[in-house]
Amino acid sequence: ARLEMRRRCTWRIFQSIEYSCEQDQIKLHNFFSYLMDHFTPSSSKERDFISRMLTEEESYKDTELEKLCDYESVEVPDSYTGPHLSFPLLPDHATALLEAFKQKHQLHAHYVLKLLHETRRHLMQLPNINHVSTCYSEEITVCGDLHGRLDDLFLIFYKNGLPSPEKSYVFNGDFVDRGKQSVEILIILFAFLLVYPKEVHLNRGNHEDHMVNLRYGFTKEVMQKYKVHGKKILKMLQNVFCWLPLATLIDQKVLILHGGVSDMTDLELLAKIQRHKVHLLCGPLEIQRHSINGESPVGVDPPRSSSFPGSCLPPGLASTASTASRTELSQWVWQTVQEELEKCRRQVGFCETPGDKELTSASSVTMTESELESCETSESSQEEWKQIVDILWSDPMPQEGCKMNTVRGGGCYFGPDVTEKILQKHSLQFLIRSHECKQEGYEFCHNRKVLTIFSASNYYEIGSNRGAYVKLGPDLIPHFVQYQANKTAHTLTMRQRISRVEESAFRALREKLFAHTSDLICAFKGYDQDETGTITLSDWATAVESVLHLGLPWRMLRPQLVRSTAGGLLEYKSWLDDLAVEQRSKEHIQSSLLETIYRNRSNLETIFRIIDSDHSGLISFEEFHQTWKLFSSHMNIELTDDGIRDLARSIDFNKDGNIDFNEFLEAFRLIEHTHCDDKAAEMAGSGCPNS
């Protein structure tokens with residue numbers, strides 16, 4: 001029983017940290033969208049430059065895409081010893097790729113681009129919802145998230161057999177990110193898709209998304225493996241992802257989609273959506289920018305219900321159209337944006353300025369009627385965009401109803417009543433979805449009407465979870481196969497496995513706590529009115545949750561996080577000092593700066609990759625200059641043009657005229673250090689330390 005309790009606590013830690021990172025990604029995307037919407041450029045040239053730098057081209061004409069990714073111009077040298085492909089692909093080509101990747105060989109960029117070109121052509125012919133029948137094969141195998149774990153895919157094929165006319169597969173999205181071999185997984189899946197187009201089916205997941213890839217590693221992996229032609233490959237992949245089908249329907253009875261459903265999900269509408277026009281899925285403000293600029297792309301308009309926190313109108317304004325209400329609406333929009341901007345400021349890691357606290361609705365600029373009309377988008381476009389977001393991002397919940405998914409920051413939570421409504425409306429037996437790691441690799445919920453399947457074993461840590469796939473025959477009765485792709489996991493006892501995973505989880509949690517040291521001190525001081533330097537353990541638990549918002553049972557976790565207490569009281573400064581010593585032992589950086597980097601590194605790396613629009617791994621001085629102008633207009637960082645240029649030169653340590661990621665981190669360290677030093681006296685007066 002104790003082992004089971006430890007296992008469950010460990011699991012909650014990993015999931016809470018994972019989902020908080022997904023929230024960060026959506027907030028960061030919305031932050032950039034907001035900056036773009038409200039930035040006043042000094043010239044049209046400056047506006048175009050920043051727009052190109054921070055936005056992804058919405059679409060390419062076929063001729064433009066073929067010219068950009070001209071595989072014929074990429075020559076294969078005689079010295080190349082990896083696999084060769086010729087088209088149309090044959091089964092031997094696909095199996096040769098498997099063997100080559102087992103030997104750690106890499107497919108040449110020429111063949112990668114050609115494969116992506118042919119895959120795109122095939123996907124363009126497919127419907128949004130694939131219809132599959134068990135009549136044409138003995139059984140259909142459904143696999144969940146793989147997330148770059150090539151060993152799991154190898155093991156699935158070893159146990160279950162390769163795709164063939166007798167062996168159909170549905171791969172349910174999230175092929176990429178997190179793992180180190182996402183490229184190889186895509187190549188294998190696309191190859192088998194072309195060899196067996198009637199037996200291999202691919203659904204889109206929420207990680208088949210350009211902006212998500214920037215944060216979770218796939219973009220970086222492509223550029224590391226294909227340094228010369230990586231940009232071309234990424235452009236093609238972004239377009240290929242947009243053509244992936246949204247769902248698969250087996251025998252008209254079993255619906256397979258990546259995330260889930262909502263109370264608004266309509267399969268008939270999903271079947272008609274122009275799916276290739278939905279490029280970025282993780283933030284509604286992306287669409288608002290297009291609307292403000294006079295564009296209204298189909299299928300990418302802001303959601304009209306609660307898919308995203310802060311994106312839904314208040315009840316009294318949701319359907320109003322009067323001029324008087326427009327004024328009220330504009331004030332509500334202003335207030336909401338200010339709240340979101342402040343969240344984004346904190347997320348990106350900048351200190352609050354005194355002026356921020358003095359903002360009131362009286363200082364807002366009321367939108368004109370024409371401006372409000374320009375922000376309004378068609379009802380149908382909003383619904384189309386929301387339909388796709390919901391099926392890719394949503395999660396089931398045990399309670400009845402449908403509500404916004406505040407844990408992930410996107411999609412919704414749907415209850416058993418929502419599931420039953422969908423099943424009855426479309427005459428379905430049950431749903432298969434993925435999107436969530438499960439300890440046994442699969443899990444039923446909603447009276448066995450919703451099945452989650454997850455195929456990446458050891459997702460959080462070696463021994464953390466099994467992978468699984470499910471097989472369906474003509475009777476549509478699910479048969480599960482579980483596995484562990486890591487040999488080490490097989491040699492560990494249950495106690496050893498739980499201890500190993502637990503250690504990893506608490507290490508990640510202590511890093512998270514250390515990254516919020518300054519905020520924690522402020523929270524602790526709120527409970528230490530007499531300035532004794534101590535607080536009760538109960539107050540410690542409440543304060544930690546108020547800062548991290550992870551929804552964890554802190555009182556239960558306390559023995560692993562708080563080593564010793566005197567008389568039931570915690571000396572919180574000593575406790576935080578111990579956390580700092582643990583982290584400094586790994587990186588020799590000043591504690592306050594290290595805290596900033598720990599808290600913001602993922603966001604800063606994502607920002608770097610957004611600015612690095614050609615994925616070269618370097619930012620030019622001009623890109624750096626324009627980006628800091630964008631930030632300074634909203635973040636109260638007063639830097640002149642000369643100051644920005646001097647900063648760029650000072651952090652270009654190797655003097656090559658460009659800025660790499662480590663140099664970029666240094667810029668944020670310097671700016672935040674200087675900015676917060678200027679506010680030190682005021683911060684000290686409030687009783688809170690400078691971050």
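**A working chat**

A: Start here: a polar atom in the side chain of threonine 265 lies 2.8 Å from the backbone nitrogen of serine 262. A polar contact is a pair of N or O atoms within 3.5 Å; within protein, one must be able to donate a hydrogen and the other to accept it, and residues adjacent in sequence count only if both atoms are side-chain atoms. This is a predicted model, where local features need pLDDT of at least 70, side-chain atom pairs count only at pLDDT 80 or more, and totals for chains, interfaces and linings use all residues. Residues are numbered from 1 along each chain as its sequence is written, and side-chain values use heavy atoms, with hydrogens and water left out.

Q: Where is threonine 265 placed?

A: In the loop between β6 (254-256) and α11 (267-270). Helices (H or I, at least four residues) and strands (E, at least two) are DSSP runs, numbered from the N terminus.

Q: Is threonine 265 buried or exposed?

A: Buried, with a relative accessible area of 4%. Buried means under 20% relative accessible area, exposed over 50%, and partly exposed in between (1.4 Å probe, protein chains only).

Q: What is threonine 265 in contact with, leaving aside neighbours within four places in sequence?

A: Leu270, Gln387, Ile391 and Ile422. Contact means heavy atoms within 4.5 Å.

Q: Switching to charges. How many salt bridges?

A: The structure holds 21. Each is a side-chain nitrogen of Lys or Arg within 4 Å of a carboxyl oxygen of Asp or Glu. One of them joins glutamate 18 to arginine 178, with the closest N and O atoms 3.5 Å apart.

Q: Where do glutamate 18 and arginine 178 sit?

A: In distant parts of the chain, 160 residues apart. Glutamate 18 is in helix α1 (residues 2-38), and arginine 178 is in the loop between β3 (167-171) and α7 (182-195). Glutamate 18 is buried at 10% relative accessibility. Arginine 178 is partly exposed at 28%.

Q: And what about α7, how many of its residues are buried?

A: 13 of its 14, so α7 is mostly covered.

Q: Which helix holds glutamate 99 and lysine 102?

A: Both lie in α4 (residues 91-102), three residues apart, about one turn of the helix. An α-helix has 3.6 residues a turn, so residues three or four places apart point the same way. Glutamate 99 is partly exposed at 43% relative accessible area, and so is lysine 102 at 42%.

Q: Which residues are linked in a salt bridge network?

A: Asp395, Arg408, Arg433, Glu436, Lys438 and Glu443. Within it, lysine 438 and glutamate 443 have their closest N and O atoms 3.1 Å apart. Lysine 438 is buried at 11%, while glutamate 443 is partly exposed at 37%.

Q: Now the sheet. What is the strand order?

A: β1-β5-β6-β10-β12-β11, an open sheet of six strands with mixed pairing. Two strands pair if DSSP finds at least two bridges between them.

Q: Which strands stand at the edges?

A: β1 (129-132) and β11 (442-445). Each has a single partner strand, so one side of each is left without a neighbour in the sheet.

Q: How do β11 and β12 pair?

A: In the antiparallel sense, over four bridges, with β12 at residues 450-453. Phenylalanine 444 stands opposite leucine 451 in β12.
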